[in-house]
Structure formats: C-alpha cells, structure tokens
Amino acid sequence: MNEPLNKASGLTVRGIKKSFGINVVLKGIDLQVPQGSVVALIGGNGAGKSTLVKIIMGIYQADEGEIYMGEKLLKLGKPSASLAEGIYLVPQEPLLFPNMTVLENILMGFNEKEADLKKRLEKHMEGLGFNLNLQRKANTLSIAEQQLVEILRGLMREAKVLILDEPTSALTFSEVQSLFKVVQDLKQKGISMIYITHRLNEVFEIATNVAIMKDGLITLEGPVENFTKEMLIRGLLPDDAEMRDDGSGNYKAIQYEGVEPVLKVRNLCGYGFADISFDLYPGEILGIAGVVGAGRTELISTIFGRDKTLNGTVELDGKDITGYSTKQVLQEGINFVPEDRHYHGLFKIRSISSNTTSALLGSKEIGRIDMNRRRQKEISQKYVDDFRTKIVSLDDLIGSLSGGNQQKVVIARSLSTQPKVVILDEPTRGIDAAARADVYNIIRQLKEAGVAVLMVSSDIEEVVELADRAITVFQGRINGEFQHDEITQDVLTSASFGIKNEKAVEQ
Amino acid sequence: MKNLLKARWMSSLIFLVVLFIITGIVDPSFFKYSSIIGCFNNATMYTLLAIGIAFVIMTGEIDVSIGATLGLTAAMTGLIAQQDGSVVTMIAVCIGVGALVGLVNGLGVALFGVPSLIFTLGTNGIIRGLIFLVSDGRTVENFNGTIGAYGNKVLFAEITLFYTIAIALVAIAHIVLTKTRKGKYFIAVGDNAGGANLVGINVKSTKLLAYVLCGMFAGLGGFVFASKYGQVMTVAGNGYEMTAIAACVLGGISLSGGLGNMIGAAIGAVIMASISRLLVFIGLPPTYDNTITGIMLIVIVVVDALAQRRSIEMSRRKRLLSRTATSATEGGLEA
C-alpha cells in the first residue's frame, strides 16, 4: 500500500470511498488491474464488490478517489463516460433488451453504420469461435448465451477493461468451461479483466491476480501464485475471528434425545434448490449459511408457500404440509420474518400497534368488524416491553423507528400468532450493533419459549453466535451439516464457498 | 414476408378487417368505398394522438394529459382564427404549446421521478383549467372560414388532406423509431432501462424527448380538431387519452414498454375511430362507445400483462433451475 502505484498500463483505482446515507460501503479502495491481467475480486456478501465495479462503470459516483487508465485520470460518473474509456461491465444478471434480437442488442448505442458494425461483430465472433443466431430474440437465450452477448457488446466497444460480475453463478459446468476459454483468449489479446466470484477454485483456474475485499477495503492483494486456497479463506474471515466470543460461554446444550422434530424436510426440490433434507427441533436455532444466490431464500420461500414445490415433502408435527399456500402454512403455525422489512414486512404508514397485530387481523383475537383497540394495544405493549423496543407511543408510525426497532416489531408480529416455527431471513441486516444484541436476545428468548427457529444468515458470525446446529447451502444443495461444537467461522466460510474442509484452517 | 406475418400489428390488421366484415354482414350497405374510407378519415385525430403517446408508452411511461392538450390547442387555434391569424401561426402555436406541456410532463416524470400516471393527471387538471381561462369558459366558435376549408378538404380518392399528412407522419415516426440510432433508444429504454443506461443511453433525456414529441402531436391534433368541427367546447378532447392509449394497445404496443411500433398504433387508431361508426351500422346506440372502449382496453391490457408476467416467471424459474443443475455436474470441491 505504501509503495507508489505503477500506473504505466491498465486500470488503476485509488482511494475510492463511497457511502449510502450513513452506511459506509467503500472505505478507500486501491486496486490495480494491469494490462492483460485477470484480477479475481473475492469477498463475502456486502463487502462492497458490486459497488466498486458500479463506480468504475459510472453507474454510481464515488464520494472520493481517482481512477486512472494508464497515466490518464478519468472523469467518470456516467456509463457513457466509462464506455468511452473502454470499460465494460458484464453485470451479474445480464441486462439485455429482452424484446430485441441479438444483433439489435449488441449494436444498440453505436454511431457507425450497421453494415460496418456487423462486419466487425462477425470478426469478433469468429475470433472467439462463437456461434449465435443474430436474429434470435434475447428473451429466448440461455443465461450463458446472454453473457456471451454481453461480452460481445464489450468487445465491440473495443473494451480495454472488462468487468465480469459473478459470471458463472448461473452457468452449467460445460458453459463455465467455454466461458473460461473466452476469458483466456481475451487475456491473450491484452484485455484486462476484473473477475468477481464466490468460487475460490475459479480464482486459481483463470486469474493472474487476486484481491480480497472485506468491509469496504481491499485487505489482501497480489499475484495468484502467492496464494493458496487456505490463505484466501483466512483472508475472508473477519479480523477478530479468534478474539470473538462465539457464544459458547453461556450456551445451554439442547437435549435432542426423545424429542420429535417439529419440522421435517425431506428431499425438497424447488426453483433454485434441490434435494434439501433437514430436521428442526422445538427450542433450537438451526442456522442456514451460504453465499447470496445459493438458494437459501428460495428454499424458505418455498417452505412458506410462496413458490411451487417440485418434489419432496415438508412435515410439521407429523402433518404433511407440502405445497400448502402461505395462508395455510401460517395457520399451521409457521411464521416468517422476511429479509427485506420494507418490501415484505412493514405497513410503513400504520402505527406500531397496528403493525404488531396485523397478523391477527384474520383471527377473532382483536375483533372482526369493530376492532378492539385496547386489546391491540395490550398485545403490542407486551412485546414492546419484552423486546425493549424504543418507542414514544404505540400510535407512532412504524416508519419513524430505527431499523433495529422496526425489526423488533416485525418479529413481535410473527410471534403474536404463537407459531411453532419461526423462519428468520437475515434477521439483523442493516441493523446497528446495539439493536443487534437486542435482536439476538429476542431470538434466544424464542428458543427458550420452545419455538423452533430456522435462521438464514449471510453473517457467519451471527450463525456462530446463535445457532445450535447449522447447515450450509452451496449452489442449491446442502453441502455441510454441523453440530454446535463443530460450528466455527472457518468451517462455515469454507463450506459456504463450496470447499469441503473437515478440519479448521490452521491459524 | 414471413416476418411481416409474425409482426404484432398484423393481428391488429386482421382484427380491423374482421370488424369490417362483421359490420358488413349485419348491414351490407357498409360495404361501400366511401363508408370504409370514412372510417380511415375519421381516425385522423386519434392517429396523431396515438403516434405521440406511442413514443411515451414505448419508454414504459404513460401520458393522460393529451386529451386536455388537444382541447387547449384547439381552443387557441379558434381564438387565433377569430383574430384572422395565419394558419402558420396556428400550427406553430399548437406545436409550441404541446411541446411546452410535454416538457413539463417530461421534467416531472423523468427528472423528478413522479409516477407518470399521477403527474400527467395533474397536468391534465391544470390544462383543463387553462382552457377555461383562455376561452372565458365559453365555447370558442364563429371563427373565420380559412381553416374550416382545410378541415374536410379531400386530397384524392376521398382521402382527406389531414389523414394523408397523418399517414405521412406515421411513416416518418416509424422510420425514426426503427432505423435511426436515437429512435431505437425509445424502445431500448422501455425494454430495459437498466441495460439502456449501461450501454450509455441517457434514459432521462430519452423519456423527456418522448413527452415533448407526445405533446407536439397532441397539439397538431388540436389544430385538426378546430378546423374539422369549427367550434371548440371547453370539454373538447375529453377522454381522447383513453382512446389513444387503447389504439396503441390494440396495435400491439405493450403498456410495459419496449414492444410495438407505429404502424400498429395507426391501425389501432382506425379501429378506435371505426367502433362508434360500426356500432351505428350494427344498430347499437353510440352511447355504448366509451363502455366498449374501456372493456377492450382492460381485456387487452390484462391478457398482455398476464402473458408478460408468465414469461418473466418462467425465465426466473429456468434460471434458478440451472443453478442446481450446475452443482450436480460439478460436485463438491476438495480443499
């Protein structure tokens, strides 16, 4: 970091900072992408990788910092400026025009004559050995084909720097292989690439350099030869990994013997996951870890009746509830606290008490027609007291609360129906540290009350801290199952990134 | 030829022909050159409105103020005619006022991000108020004969001058939209705004331009209205926005943007203009007009939306399924 950066060739990023509101995402990024190199950018969820490449592409504007192409300081800030400098981003989900043909998609935004462009395009396709019918509509293409179209778009713009954001996350094995071949070809042609990935073995397969991002900083950087997989995993772990209290001090072991599981999932298949089996016991917290896109959200959405089950069974207390609608699932006693409070969880312009009791609207508890406001307030007050929610009045709008307190209300709401199973999806995302401790306490209270808790979390520390047992999901399948004393950050991180590693990485 | 048959507007054309045939069967006196050409001539105003709003709909937005813009510019045309103003002045004022309204709509929607239905509903109210202001709340009438002569002027084979101009504008708009670089931006923005941004298209200014064009076409519609009817009531143009939207939708333009073309919009305009005439032939009172327009609009939009949602859901599921297929072939990795 102290040595002067050599800006002779390629792309150089210096001191990039970016905040969204009070949330600091990038804290000063330095990154160098030499000409003809493939820099693998890895890091956990929320490390800021996508934000960084969006700044380079001009979709976001940096608060501070500079970007150079060779010696030249770039003035970025809108995509057209980045395109003019030869930077092209192939986004994670390809952003094609679905109703246009492949040809129209590739040539959109160019000034030159169509015939000239087409000739150039054919040359590029020939050079890379692509075979694609240019008259097909984009919405008939597979994801892999869409990515090829995106790459062609980049090449047509004479891109010097190509950014690939998790290009393999939706590809099959053979598609991955042909993509790698393309990457190799491009590398030979002197095109630099930033390659974001969650799969560490890909790093060693195609990258020349590697950079690890953590909490908005690049913590480790260098030629790929200097690294081993273990070093990368260690680099991905939080700094204070050894220091942290993993919660085992005050952990109360659970007696599983003679206890029947409340929720039995067998060979469940659905959109985005396959062959998932696990048991959930009353009074335990089962953590589901994995990276974003591993299929965890799809799994719990399906259990909660929001998507179609393709195969397998879900049993609640011995009753087969496979394929039940959300309403039926709720009635059977499973409740769900969604990942995105604002989108699925809250009625923002209603009061705290209305929100707390909104799940009871269908029951007789608070009255059918003339709603019993006093009862509403009693119930709400009880949870406010239990959870130490900071409020001024129960009649205040829920939008006036902080994120952590909003989350407490959402959890309170799901508890008001006295569920047997509570599913929590990312329970502390976007919540500050103090409120986080309160939410953890609430989750522990649930457990003590005998509620079975299924907790999806991308925050590995959270799983380590709370879970009695944990499973990891990788590419839609369970690839690891851990008892309480086996749960460590190393094991979960390795498994989340798809690496089978029985023993902990030596420190 | 094969492409021609597959085009979305082809089904609109078939719909129009079927409509004519049914009417002709119920009342054979409809099968006359003048009756059928009359349906086309009658569509002049709707055609102009439909071309304009098609630009906006293709970018994925909507404009419900065009009926009011048509009313305002029609009233202003009448007032200028009363002062013996020239036709050039009238057309310039119509287009200018329309462009101004479009600019306001475009700024509100594209720049400030107000939902387009709400924003243009607001400008619709303002413009309706302005009509009362400029006309003193009275019907503008008794303007000099100069423009009345244009209103029903026949160019050739019973086709009016105005319809010929409207068709020429359809052709120009179609070429701009499909052949020019900037023209393709309108469809690109409606098809995938994020993707358009990524290839360097300025999404905001494209939408702004769409609104300005839409206002200008509504202004032209106002001129046609004034010269055709020779009097402009304060409620002139009321409900024309629904007719124009229905025309676009009937012509195969998707309300979610990014799909359709101007030929479809023009055919849709003829269908909309014909329906009230055809009702008379069939023997239904024209009071059913709005009801039938509304029903057609809803049916087509719902079918279109369901088809769209289904295709999005299918591709999401396919994508998710391919993820699990990956791990089956790749298996676990050893450290």
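Helices (H or I, at least four residues) and strands (E, at least two) are DSSP runs, numbered from the N terminus. The structure is a predicted model, in which local features need pLDDT of at least 70, side-chain atom pairs count only at pLDDT 80 or more, and totals for chains, interfaces and linings use all residues. Residues are numbered from 1 along each chain as its sequence is written, and chains are lettered from A and ligands numbered from 1 in the order in which they are written.

Start with residues 49-57 of chain A, helix H1. Eight of these nine residues are buried (20 or more other C-beta atoms, placed from the backbone, within 10 Å of the residue's own), so the helix is largely enclosed by the rest of the structure. Among the buried ones are A:Lys49, A:Lys54 and A:Met57. Step on to A:Gly58, which follows H1(A) and has a positive phi, near 85°.

Next select residues 87-90 of chain A, strand S6. A:Ile87 and A:Leu89 point one way, A:Tyr88 and A:Val90 the other, and all are buried. A:Val161 of S7(A) stands opposite A:Ile87.

Now select A:Ile163, B:Leu49, B:Ala50, B:Ile53, B:Ala54, B:Ala247 and B:Cys248, which touch the most other members of the largest nonpolar core, a set of 240 residues. Such a core consists of buried Ala, Val, Leu, Ile, Met, Phe, Trp, Tyr and Cys residues joined through C-beta atoms within 7 Å. Helix H12 of chain B, residues 203-229, gives the most to this core, with 15 residues. Domain 1 (11-236) and domain 2 (263-496) of chain A both give residues to this core, so it lies between them; the domain bounds come from an automatic or database domain assignment.

Centre on B:Ala54. Beyond four places in sequence, B:Ala54 touches B:Cys248, B:Ile253, B:Met262 and B:Ala265, a contact being two C-beta atoms, placed from the backbone, within 7 Å.

Zoom out to chain B, with its 15 helices and three strands. Buried residues make up 47% of its 335 residues.

Where pLDDT is low, the predicted coordinates should not be read in detail.

Methods:
Buried ≥ 20, exposed ≤ 12 C-beta atoms within 10 Å, placed from the backbone. Pairing = 2+ DSSP bridges.
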